[in-house]
Structure formats: structure tokens, C-alpha cells
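Colleague: I have a model open and want to know what stands behind the labels. Can we go through them one at a time?

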Amino acid sequence: ETEEINFNPVVRFTDPGNTNASYIETSPFSTPGEELTLISVFKSDQDQGSNNFINTPALIGGNVNSTNRDYGMGFFEGAVAVNTSSGTTFSATTPKIYNDNRPHIALATRERFGRTVTIFMEGQRAARRDGQNHNYNGAPSLGIGNHSQGNVNAQFDGDIAETMVFSRILTGEEQSRVESYLALKYGLTLSPNRDNDGNTNELISGAINEGDYVAGDRGIIWDYADQGATYYNDIFGIGRDDISCFNQTRSKSESIDAIVTFNSPSAFSTDDSWLISGNDNAVIEAVGNKERPASINSRLNREWRVQETGTVGQIELTYDLSAITGTPFGNNNLNLLKLMVDDDGDFSTGVTLIDPSSIDIGAQTATFLVDFSDGQYYTLGSLEVNALPITLISFDTKATSDNKVKVFWATAQEINNSFFTIERSRDAENFEAVGFVEGAGNSDDIIDYSFFDKEPLDGVSYYRLKQTDFNGEFEYSEVSRIKLDLAQSSVHQVVPNPVNQGENFRIAYPVQTEKEVRISIATANGMVALNKVLSIKAEDGEIQISTQGLSKGLYLIRILDKHNYQITLKFIVK
């Protein structure tokens, strides 16, 4: 599969349990030494394995004449497991599972003298076990995606992007170089707390600390201390490094809420050239952020920072705004966007504004040409008032249990707002007023409104808001579609609610024929935790969603079909 993880290819392994399942076997090699380092970059949602390495899906596996002497690194019920002995049980297993179908870097080492096995995930120690017997003798080769002699139960199901094997333990500096290479190549953020002791940015070797990204020549290309912990989120970057054969001209963080892509339109002319970026992990959209020049009337709340090593030159920077509520609703115009570049992180003054070089209305993307200097900050602004996001920060409809339609919305920073008119339509073209709600006049607070249509239309109908100022000027909201079956209404609800962390919950969602819906889960402060498309069959009658990866707290889930029929529910993870 090409361009699967941060625009890089992967090998996709499928059909676990099939005796004809394919895998990759290395050419014959000498017996590994007493010490070993195994590395795999993978992505999977596989949930198989038994409590022994022989019958566990293998990322990297060795086998000796179909005996019990299997060894390597595997994927046991979503956890990363390592076996280094002639026995069948695991030498070490991570307590956390990683079958979230997101990319991960697994690195495992075997020490000779302490007989210690250690597993690192994204650069942080995830498991360690001392006093393990080691016996790797005899295996003539290694398998990728299975053992070196294929085993049905050892078949891996998922993507493997890269595999490395060293016949010794990497030094701290070497591990930093290898993990930096893999993290930047595959758009992953390394941990700034490698030894998992709770203290970040501790010394590893020489000038290299935890959280630093390191080039092949040992130069630090993302300095955790200089850039600050604030911007150590969603790290990604482009660069050329001849020592490590690295040439990444296009990059985007694999984080689920990443919206920025770097692209070098031409090949790098100079070796050891890097442009790395991270963000402050602030809520992407938040009204009332006044830190902007006078000409900018609205902006994204999140900010990014760059570190440049060498000379990268002009790049294409693309913002993906498809998940931003401020666009494309209302009169938002991508042509009015401005890339805001600043030297000190205060976007009030001294900001360079850059016009889009191209926009894509369908994809909701805007691209800018920019030549960054080391240490600069950037974010996105607009000439429109409240375009990112608009003053009307939410507008929705839902059916109640007594066959009414609740129309509800929220505003922020109302200016001379006289009243709202709630309008309804059968065809989304011809609207009629069904109610009025007074506005707040002038306000910088978030205000929630609601209106109940007590005599709604049966079947599909459409609602919108008409907001009228004191001077008579007005504007419309986006349109919300809703479908009622007044003869047989069904209430969607999350069951169970609250739901225990790590467990699944269900939502009743009957369909007559198979259809696709988009599921979006956001935290209470608006951060998107899940956004994907699911296919629901008539025989299902419900949607099952895992809370794996969700922290404890309140969440908002939206289910949207292709007709823009939307269901919005709240649930709590405890």
C-alpha cells in the first residue's frame, strides 16, 4: 500500500488463520549474538494470540525446525510481547494495548548480563523484565509478519512499514537517532520521558536529552528544551539526511486531529536540511481569541512552532479545514484566509500575513507558500468576522421522545443581535417561520438557546436560523436536516452510559438498507478524539464503538449520514 503512513508505503498482511497466509522471510544469516535489538513500525486492530509466542501473531519471529524454540516480537491481544528463550511463554509484555489501528514504533532489547528484556513504544519504556533465560541459537532466518517458518496462528493482520534488527543493544545515542528517523518518517511523536520515571528531558548521552530529535550526524534537529514542552505535540517534519538515507519531502502528523501538511515542491538541494514543527495542543477552535492583528477578524486558537536546521527554503503549507466548524458554513471564504507568521509567539503585532497560493473548495484546504526562519510561530487567520469559527458556534436539531423537534444552538460574541427566527422547510428551498427567540444584544459569553417545534413535519424536514440585528440586517445559519417517523419514532441513546474506560458502548441505529455514516467523537472542550466512516447493515440495528484510547470524562458524539441527517448524543467515560 502506497502513502499509507505519512505518505510512506507499508506491507499489508491479511488472512490470519489461513494456511496459505503470506509473510516475508529474510535471507540466511549468522546466529544472533547474546544481545539483540528488534524494531518494528506497525499498524493493526488485530485482537488474537494465546499466552505463548508460538501461537501469537508475529511482527518479527524466528523459528527452529518447527520446534518450540520460537523467539522475536509479537502482537498478543493488542499488547506488544517479546520472547527471547527456548520456552513458549513471553519474556516481557506491555500492559497497554496498541491495536487501535494507529501507527506505532516498537523497539525491544535483550541484555546479556542482566538477562533483561525491555520494550519501548514511541521512545518510552513500556515494559521491562529481568532474569530471563536467552536462547536464540539455531534459527537460520527471521520472518516478518510471521515466524521464519510460517505458523497459521502466528500470522500478523495489519500493516508493517519498517523492520530493523541489530545483533547488539543500541546505545542511548543510537536509539535516539533510529527513533528520530522513524518518528519523522512516519509522523509520530516520541516520548520526552524515555525511562518512564516521570521526569522529562533528562540527559541521554552527550548533548542529547529525552524529547530531542536527532539527525544521522548526531545533530539535534528538534530541541525539546529550546522549543519548550508547550509545543511538543503532533511533531512532524520534512528533511534530507544522507547519512540515514532520509528524504521526506511531504509530511503530516499521524495524530487524529492534525490539520497541517508540509510539502517541499522540489527536492532538497542540501544535505542535513530539516524543517520540524509541533503545536501547543490548544483547542483548535475557540471563540474570543483576540491575539491577532487589526486586519484579522478571526483565527484558529491553536498555534504551531518550527525549528529549521540547514536551509530548507520555500515550502507549501496546507491547512485541512474539513473538520473545522467555521468552514464551509455561512459566508466563510477560503480566499480570505491568511497564514499568520510571527517571531515571538504574540500574534497581536509584528505578524507577517501570507495569502493562499491555492484553495480547494471541495476538499476544504488552503495552501500557502512560506519560507520559515528557525523558531518562528504560525497559525491561521481570516479577514472575515468569526469565520474561524463563526459567531454561531453550533446549530443542531433532534427528535424528542414525545415527537417534537428540539432546535438548539449556541452563540459567542453577539453584536447588536436583536432576535432569531426559526425557519422550517420540506424541500430545503422554501422556508417558513415557525418561531422566534430574542437575542442577547451584545455579549462575549457563550450562550445556549433552544426552541421546540411542537407540530413538526412527518418524514424529512429542514431547519435554519435567521439572525436579525437591531438595524434590520440579517444572515442565515447552515441548514440542519432531520427525519421523523411520527407513526413509529425511535430514540437513540448510548448504552451503557456512563461506560467504563476500555469497554464498548452501543447506539440503536436501525436502517432498512446498508448505508455509511460518519462518526465523530469530541471532548467537552471541542478536541476531536475520533472521526471515521462506518458501514451499517440492516441486520445490525446498532452501532458499537470502543472507548479504547479515550480518557475519562464527558464526550459529544455526532452521527451524520450522507443526507446530513445528524444525531448528537452525550456520554461519559468513567
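**Strands, sheets and burial**

Colleague: Which residue of β33 is the bridge partner of F419?

Modeller: The partner of F419 in β33 is E438. A word on the ground rules. This is a predicted model, where local features need pLDDT of at least 70, side-chain atom pairs count only at pLDDT 80 or more, and totals for chains, interfaces and linings use all residues. Residues are numbered from 1 along each chain as its sequence is written, and side-chain values use heavy atoms, with hydrogens and water left out.

Colleague: What makes β32 and β33 a pair?

Modeller: Two strands pair if DSSP finds at least two bridges between them. Strand β32 (residues 414–425) and strand β33 (residues 431–443) are joined by 9 bridges. They therefore pass the rule of at least two bridges. The two run antiparallel. Their hairpin has 5 residues between the strands, and A428 takes a positive phi near 70° there.

Colleague: What counts as a strand or a helix in the first place?

Modeller: Both are DSSP runs, numbered from the N terminus: helices are H or I with at least four residues, strands are E with at least two. The chain has 2 helices and 44 strands.

Colleague: Why are β2 and β7 said to stand at the edges?

Modeller: They belong to an open sheet of 6 strands, in the order β2-β11-β4-β5-β6-β7, with antiparallel pairing. β2 (24–25) and β7 (92–97) each have a single partner strand, so one side of each is left without a neighbour in the sheet. Inside that order, 4 bridges join β4 (residues 58–62) to β5 (residues 71–76). G61 stands opposite G72 in β5.

Colleague: Which strands stand at the edges of the sheet with β38?

Modeller: That open sheet has 3 strands, β38-β39-β42, again with antiparallel pairing. β38 (494–495) and β42 (542–546) are the edges, because each has a single partner strand. β38 is joined to β39 (residues 504–508) by 2 bridges. V494 stands opposite I507 in β39.

Colleague: How do you know that the span of helix α1 agrees with its length?

Modeller: The expected span is 1.5 Å times one less than the number of residues. For the 14 residues of α1 (residues 172–185) that should be 20 Å; the end C-alpha atoms are 20 Å apart, so the two agree. After α1 comes G187, with a positive phi near 70°.

Colleague: What makes α1 mostly covered?

Modeller: 12 of its 14 residues are buried. Among them are V178, Y181, L182 and L184, but also E173, E174 and K185.

Colleague: Why is S264 called buried?

Modeller: Buried means under 20% relative accessible area, exposed means over 50%, and partly exposed is in between (1.4 Å probe, protein chains only). S264 has 8% relative accessibility, so it counts as buried. S264 lies in the loop between β20 (260–263) and β21 (273–279).

Colleague: Is T249 buried, exposed or partly exposed?

Modeller: T249 has 27% relative accessibility, so it counts as partly exposed. T249 sits in the loop between β18 (246–248) and β19 (250–251).

Colleague: Which residues are in contact with T249?

Modeller: Contact means heavy atoms within 4.5 Å. Leaving aside neighbours within four places in sequence, T249 touches I238, F262, N263, S264 and F268. On the same terms, S264 contacts I238 and T249.

Colleague: What lies 2.7 Å from a polar atom of the side chain of S264?

Modeller: The backbone oxygen of S266. A polar contact is a pair of N or O atoms within 3.5 Å; within protein, one must be able to donate a hydrogen and the other to accept it, and residues adjacent in sequence count only if both atoms are side-chain atoms.

Colleague: Why does S477 count as buried?

Modeller: S477 has 13% relative accessibility, so it falls on the buried side. A polar atom of its side chain lies 2.9 Å from the backbone nitrogen of L465. S477 is in the loop between β36 (474–476) and β37 (480–484).
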